[in-house]
Amino acid sequence: MKIVTVDKLTPEEYFELYSSVDWRGLRFSQIAGMLERSSHTFALYEDKNLVGMARLCGRISSFVYLNDLIIKPEYQNEGYGKFLLNYIVDFIRNNKPEEKSVKLEVLSARGKEDFYKRNGFKGFDDDYNGRRFFAYVE
């Protein structure tokens with residue numbers, strides 16, 4: 001069963017997921033500060049197994065940036081990313097001011113651009129080689 005926790009992601013869990021997708025350049029000592037500066041964090045579990053995570057930065061009242069949407073490689077292409085993204089969009093929808101829409105932006109990891117397109121995000125025309133996307137949450 002898929003379970004999402006909000007604002008309970010630990011530095012150890014973050015580092016485990018970050019390392020699982022072979023991203024480089026982040027030291028463990030930096031993670032606590034990154035989590036503190038996040039508006040909200042989301043950890044996705046299948047039963048008790050950590051599967052993925054994401055962070056939001058910004059104010060849900062107007063603009064938020066989706067950071068570090070990570071799904072462990074062995075769970076990719078199984079619907080977990082879509083599940084977590086939909087959970088986050090619903091979270092924004094349920095916590096934003098009623099009369100406003102909120103702009104949600106993301107910079108896709110290389111090779112993951114189609115994921116955001118399939119999930120309703122539109123691309124920017126800028127210098128990020130087609131990797132920057134946005135969606136409005138009504």
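How do the residues of the lining of the largest pocket divide into nonpolar, polar and charged?

## The largest pocket

The lining of the largest pocket divides into 14 nonpolar, eight polar and eight charged residues. Here Ala, Val, Leu, Ile, Met, Phe, Trp, Tyr, Cys and Pro count as nonpolar, Asp, Glu, Lys and Arg as charged, and the others, Gly among them, as polar. Of the 30 lining residues, L69, Q76, K112, F115 and Y116 lie nearest the pocket's centre. β4 (63-71) gives the largest share, seven residues. β4, α3 (80-95), β5 (102-107) and α4 (113-118) each supply at least two. Helices (H or I, at least four residues) and strands (E, at least two) are DSSP runs, numbered from the N terminus.

## Basis of the model

This is a predicted model, in which local features need pLDDT of at least 70 and side-chain atom pairs count only at pLDDT 80 or more, while totals for chains, interfaces and linings use all residues. Residues are numbered from 1 along each chain as its sequence is written, and side-chain values use heavy atoms, with hydrogens and water left out.

## Lysine 96

K96 sits in the loop between α3 and β5. Leaving aside neighbours within four places in sequence, K96 is in contact (heavy atoms within 4.5 Å) with I60, V102, V137 and E138.

Methods: 1 Å grid on protein atoms, 1.4 Å probe; cavity = no way out; pocket = protein on both sides within 12 Å on 5 of 7 lines; lining within 4 Å.
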